Structures are given as structure tokens and as C-alpha cells.
Amino acid sequence: MTITGYASAINPIGKANGTNLWKLHSTRGYRFSSIFTYNNPLAFGRSVFMGYHLRRPRKHIGPLQVVCMDYPRPELENTVNFLEAAYLSSSFRTSPRPNKPLQVVIVGAGLAGLSTAKYLADAGHMPILLEARDVLGGKVAAWKDNDGDWYETGLHIFFGAYPNMQNLFGELGINDRLQWKEHSMIFAMPSKPGEFSRFDFPEVLPAPLNGIWAILKNNEMLTWSEKVQFAIGLLPAMIGGQAYVEAQDGLTVKEWMRKQGIPDRVTDEVFIAMSKALNFINPDELSMQCILIALNRFLQEKHGSKMAFLDGNPPERLCMPIVDHIQSLGGQVQLNSRIQKIELNNDKTAKCLILGNGNKIEGDAYVFATPVDILKLLIPEDWKELPYFRRLAKLVGVPVINVHIW
């Protein structure tokens, strides 16, 4: 798909290190999530970034032309993981209808809470989804500023290796809202500020050959000896599959790399970025199991590492279709409904949830789809000594802050 629009204004909003920062406003309402930094915005002929092309007509002085180019949607439906995910989600719709639908109260309207409510509604139950804030999405929430531009909680990538997420888009009929990009992974090089290194996956090769080719062709980040050591380290994961991957949970990324004889330089150059992207923590804290799950999928599925971006802000373009689906089946979604307390029965089972405004919400079952730190604040005293909840003390949330630069 190619969309052409015209910018109505390019407004200078400040300077950083002597470089003007410019904010692009589109007359067509398209979303541009990139940073525009030009010393002279009228002097450039063409610049390419993030799959978007900017062109200035040279023959006359006119508005900045913006051409958004997407790559075709890859063929994901025939992969084993996608078929398994599709079968699982279809089972909710095709299962026998319950004689008495359960009223299930779900706390947290992030993607976990929204999808839980969606599939419960598909199965014939009555979900009540409660969100403390006035915005949907949780970690993919976004806010609009006074100019009508959206600020998101980070950059959200939808990989081909996400079968459940891709299947959800298909069920909602919004596959066209994913903008697929070229099959490449581009890393900033810490040792060479301002320079980038590419891992390009050729379309003509199947997995894992396309991934092996991408690694072999990259000479800026990995030496040949490092490539060989890394490949040898990955062989057990590719051959042993999930059993091997799960067995690595006790090792951090840095420990696993050292065990394979891979220099710390590779961890610093490549896997700091991957660790931060996956769990927002460093390689000396993140379990290697997390990295291997991703790498295994990327190497075994041709389009697993292919990336797509949503064509607009997540609350409107992704979350609202889920809400519409839930409500069409009789479910409820309530914003500004912060949980104050979990009230218990005499036998210490959950009786109801008390909201900040004093209202009580009762259900046949309760689901918490919130960050673990929020749940730990709400656990009743009578539950804290139960083995299940005591184990939560070992789980710690990761604080994350995103800085948006225009």
C-alpha cells in the first residue's frame, strides 16, 4: 500500500545541540512516528527512514510531500504456530454454550485484560473489564496533545512470530492496520555513535537459511570467529527445541554467552539492545530462556522476525475494536474504575471488588491482568501467607520511562 499526503506545516519547536527540531502536521490525518531532525528543512532532496520517504518537489516551492510505503503482508497462516493459535482461539467460539454464563471481573484493560475479556465473551460468558485510568491499552496506551498528535508509551513492534497477536488482528478484521516493513534488523552501534549495522533476511531463502545468511553477511558487529561460536551455541537450542530452551532459565544472557565462549563484546554490541527490547533489563539480569525463545522462533519461521507497525495509535486502532467486540457480545468495559480493595468472604474467598468511588463489583470469578506490583498492593492480609501469593514476593516489576522527542 502506498499513501501520499501533503504536510500543511512544518513548525520549529526547539533546538537540540544546535539542530532544529521540527514537528510535522499532516492535512490528511496520517500518523508519523519518527523524529524529524534537519539543519535546514528546505534544503534536502530526499531522506529515507523507518519505511517512510520524504520528498521535496524541486521545481517549485510547495508543501512537503510524504509518501508512506508498506511491504506486503507475509504469508503467516500456514506456519505451525499460527495454526495452533488459530485452533485454540476458534475453540472459544465453537465450544458448547454454558448453561449459566459466568460473570467474570477482569482488572486491567491492557492487551492481556482485553484479550481475556474478548475470548471469555467468545465462549459465552459475561466479562466486566475494569481499567483504573481513562485510557485503554496498558503498556500500549497513548495520549493526544493539544495539537492532535499522539504520544505513545514506547515503540510497539508486531513480529510475524507472534501467532496469537496476529490471529487476534485477523479475528477482528483489522489485518490491514499493520504496516509491514522490510525484512531487516538494524542496530545502532555503541562503539560507533551515529552508525548502524544491518541484518538483512533474503526473501528467496527459507528459514533458518535466511537468518543464517543475515548473520553471515553482517561484518560490522560480529567477527567470523564470533559468528562460529554463536552458531555452535545456538545449535542445541535449534535441535533440542523447547526442552533445551526451558533448561536455560537459570542462566542470565551474559552467563550463557560466557559459557559458550562468546566474548562480552558481542553481548554489549548486540544483546543489550535485544534484552532491553524484550524485558527492559540488562543481559546480566535477563534469563537466557527469554532470548532463546525469540531467536528460536526467528530462525525456524521464515517471517518470524519480520516487523510490522500499527497504522495509528493503539487505543483507537487496536484496543477499541476489541472493546466493540466485547460489548457486542454483552460484555462491559469500564474506564476510571480503580480497585481500592478486594473484599473477602468468611472462608477467605473473594466476595467483591471495592472501587475508589465506593461501588462494589461482584463476579463469579476474578482475573487480575495488571503489573505484579499493582497486584501485590491489593492482596488481602489473609492471602499473603498462602503459598501461591507468597511466591509473588520474588517477582519485581521493571520501571520504564520513555522520552518522546519531536
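Which residue in E18 is the bridge partner of Ile 342? The tour begins there. The model is predicted, with local features requiring pLDDT of at least 70 and side-chain atom pairs counted only at pLDDT 80 or more, whereas totals for chains, interfaces and linings use all residues. Residues are numbered from 1 along each chain as its sequence is written, and side-chain values use heavy atoms, with hydrogens and water left out.

Select residues 339–344, strand E17, and residues 350–355, strand E18; the two run antiparallel and are joined by five bridges. Strands (E, at least two residues) and helices (H or I, at least four) are DSSP runs numbered from the N terminus, and two strands pair if DSSP finds at least two bridges between them. The bridge partner of Ile 342 in E18 is Leu 353. Next, select Lys 348, which takes a positive phi near 70° in this hairpin, where five residues lie between the strands.

**Second stop: a parallel sheet**

Display the open sheet of four strands, ordered E16-E8-E7-E20 with parallel pairing. Strands E16 (332–334) and E20 (365–368) stand at the edges; each has a single partner strand, so one side of each is left without a neighbour in the sheet. On average, neighbouring strands here are turned by 15° against each other, direction ignored. Now select strand E8 (residues 126–130), which pairs with E16 in the parallel sense over three bridges. Within that pairing, Leu 129 has Val 333 in E16 as its bridge partner.

Two packed helices are described by the angle between their axes and the distance between the axes. Select residues 163–172 (H3) and 314–328 (H9): their axes come within 10 Å and cross at roughly 60°. H3 is therefore oblique to H9 (angles under 35 degrees count as roughly parallel, over 145 as roughly antiparallel, 65 to 115 as roughly perpendicular and the rest as oblique). Axes are lines fitted to C-alpha atoms, for helices over the stretch in contact, with angles from 0 to 180 degrees between N-to-C directions.

Show the side chains of Met 165, Leu 168, Phe 169 and Leu 172 in H3, which meet Leu 318, Pro 321, Ile 322 and His 325 in H9; contact means heavy atoms within 4.5 Å.

**Last stop: Thr 79**

Select Thr 79, in the loop between strand E6 (65–69) and helix H1 (80–94).
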